[in-house]
Amino acid sequence: MSGTTEESTGEVTSRPRRASWRYIGPGIVVAATGVGAGDLVATLIAGSKFGYTLLWAAVIGCLVKISLAEAAGRWHLATGRTLFDGWRSLGSWTTAYFVVYVVIWGFVYGAAAMSSSALPLDALFPGTMDLKWWAVLCGLVGLVFVWFNRYAVFEKVMTVLVGVMFVVTVYLAVRVTPNLGDAFAGLAPVLPDGSLIYTLGLIGGVGGTITLAAYGYWVNAKGWTDTGWMKVMRLDNRVAYLTTGIFVVAMLFVGAELLHSSGVALAKGDKGLLDLSDVLADRYGSTTAKLFLVGFFATSFTSLIGVWHGVSLMFADFVSNYRKRGEATTGTEVASGSREKSLPFRAYLLWLTFPPIALLFLDQPFGLVIVYGVIGAFFMPFLALTLFWLLNSARTPAEWRNGMLSNVMLAGAGLLFVVLCVQQVRDLPW
């Protein structure tokens, strides 16, 4: 039984689990899913423009993500209810937003994730097939993998891919021989001219997606369903975002040493990583460049299968919650594995895969991309502020409500994401 014991009265009570490394898993999944190729490019560009100066912002960004994921996990464990059940208790507006968001976001994200995973494969095997067909292959492999496997297998595969990401990024950081004195100086909060947007992006962007909301679902899928697992969840979350921090710092080192000093500019978006591959090939040889492309693929494909699994779980919970009309949906239901076999889970998997394949061949209609950008920009402030609301209300048992630190972090995150949201909307080509 998951973290519970039966008392002589027959009442089920929580049994605290020791925080142990052997339980680590859901945090690695959420961190790997949230850090995509575009996030690494943003970090590289920040390093190429400002050297080590914004290292402090990357560190704060990891702390922000720790607080958000911890809040999502704490809600699931403290209340026994899912996050969508909590959102619905705040009013029907949350349901309306979620439906619009997952339909449009999933459509466009599916194409973006497949394209991102295809780019390094196309570079590793040039001339084998057209980039679009590599993207289709990645989407279909992700679909088949998530369709036929349950959380336990999914977590193991994600952990292996994270291991590949970790080895490659640390190897590159060591290879470029970072200036540790300058790196430590970069921990002092400084804002060079023209760095504000890059700073906010580093704090709010890396690992900041809807998958932070999926963390509580992965916690339940692991079998953690009550407060007896709270210490384990918190250790899991901290280890995960420490790993993310290492990815970010490593890529900032590469940007600072390899690009800043030589004045090399990267293209924005995922193609910027192909530019870096060319630079690595010129400087260190084709073997290092190919190793980097393998890491690039691992980074992109973990985001693909992570979203295919995690957001499909959330969608399945939304459908279950809607059908029950007032009856709470629980973490125990997620832990049973039935959601992963359900029709809504598989229907959303298909939505993430096949309509976006059509979008790949239509070169992403311009109007849809604009709508996607506007709706997507609003999700992170929605997550931060609704968690702040839920965890300060009577919906959460008093023992597990926010303390001062949690309130400061969630409120600060909400404000940060509102600013980033406004900036992203302003930058859209209306």
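Thr177 is exposed, with a relative accessible area of 58%, in what is a predicted model. This residue sits in the loop that links helix 7 (151-175) to helix 8 (180-185). Although Thr177 is not a glycine, its phi is positive, at about 55°.

Thr211 belongs to helix 10, which covers residues 211-221. Not counting residues up to four places away in sequence, Thr211 touches Val30, Thr33, Gly34, Trp218 and Val307.

Ser67 is placed in helix 3. With 12% relative accessibility, Ser67 also counts as buried. Once neighbours within four places in sequence are left aside, Ser67 is in contact with Met409 and Leu410.

For helix 3 (residues 55-79) and helix 18 (residues 379-390), the angle is about 50° and the axes are 10 Å apart. Helix 3 and helix 18 cross in a left-handed sense. On the helix 3 side, the residues that meet helix 18 are Leu68, Ala71, Ala72 and Trp75. Their counterparts in helix 18 are Met380, Ala384, Leu387 and Leu390. Sorted by class, this contact between helix 3 and helix 18 has eight nonpolar residues, with no polar and no charged ones.

Helix 5 passes helix 13 in a crossing that is left-handed. By class, the contact of helix 5 with helix 13 has 24 nonpolar, six polar and one charged residues.

Val103 is one of the residues of helix 5. Its relative accessibility is 36%, and Val103 therefore counts as partly exposed. Val103 and Tyr348 are 245 residues apart along the chain, yet their C-alpha atoms are separated by 8.9 Å.

A pair of aromatic rings is described by the distance of the centres and the angle of the planes. The structure holds 28 aromatic pairs. One of them joins Phe315 to Phe318, with 5.8 Å from centre to centre and 45° between the planes, which makes the pair tilted. Phe315 and Phe318 are three residues apart in helix 13 (residues 286-324), so about one helical turn separates them. What is the relative accessibility of Phe315, and is this residue buried or exposed? Phe315 has a value of 17% and therefore counts as buried. Phe318, at 11% relative accessibility, counts as buried too.

Technical notes
Residues are numbered from 1 along each chain as its sequence is written. This is a predicted model: local features need pLDDT of at least 70, side-chain atom pairs count only at pLDDT 80 or more; totals for chains, interfaces and linings use all residues. Side-chain values use heavy atoms; hydrogens and water are left out. Axes are lines fitted to C-alpha atoms, for helices over the stretch in contact, and angles run from 0 to 180 degrees between N-to-C directions. Helices (H or I, at least four residues) and strands (E, at least two) are DSSP runs, numbered from the N terminus. A crossing is left-handed if the near helix is turned anticlockwise from the far one by less than a right angle, and right-handed if clockwise. Contact means heavy atoms within 4.5 Å. Ala, Val, Leu, Ile, Met, Phe, Trp, Tyr, Cys and Pro count as nonpolar, Asp, Glu, Lys and Arg as charged, and the others, Gly among them, as polar. Rings of Phe, Tyr and Trp (its six-membered ring) pair if their centres lie within 6.5 Å; planes under 30 degrees apart count as stacked, over 60 as edge-to-face and the rest as tilted. Buried means under 20% relative accessible area, exposed over 50%, partly exposed in between (1.4 Å probe, protein chains only).
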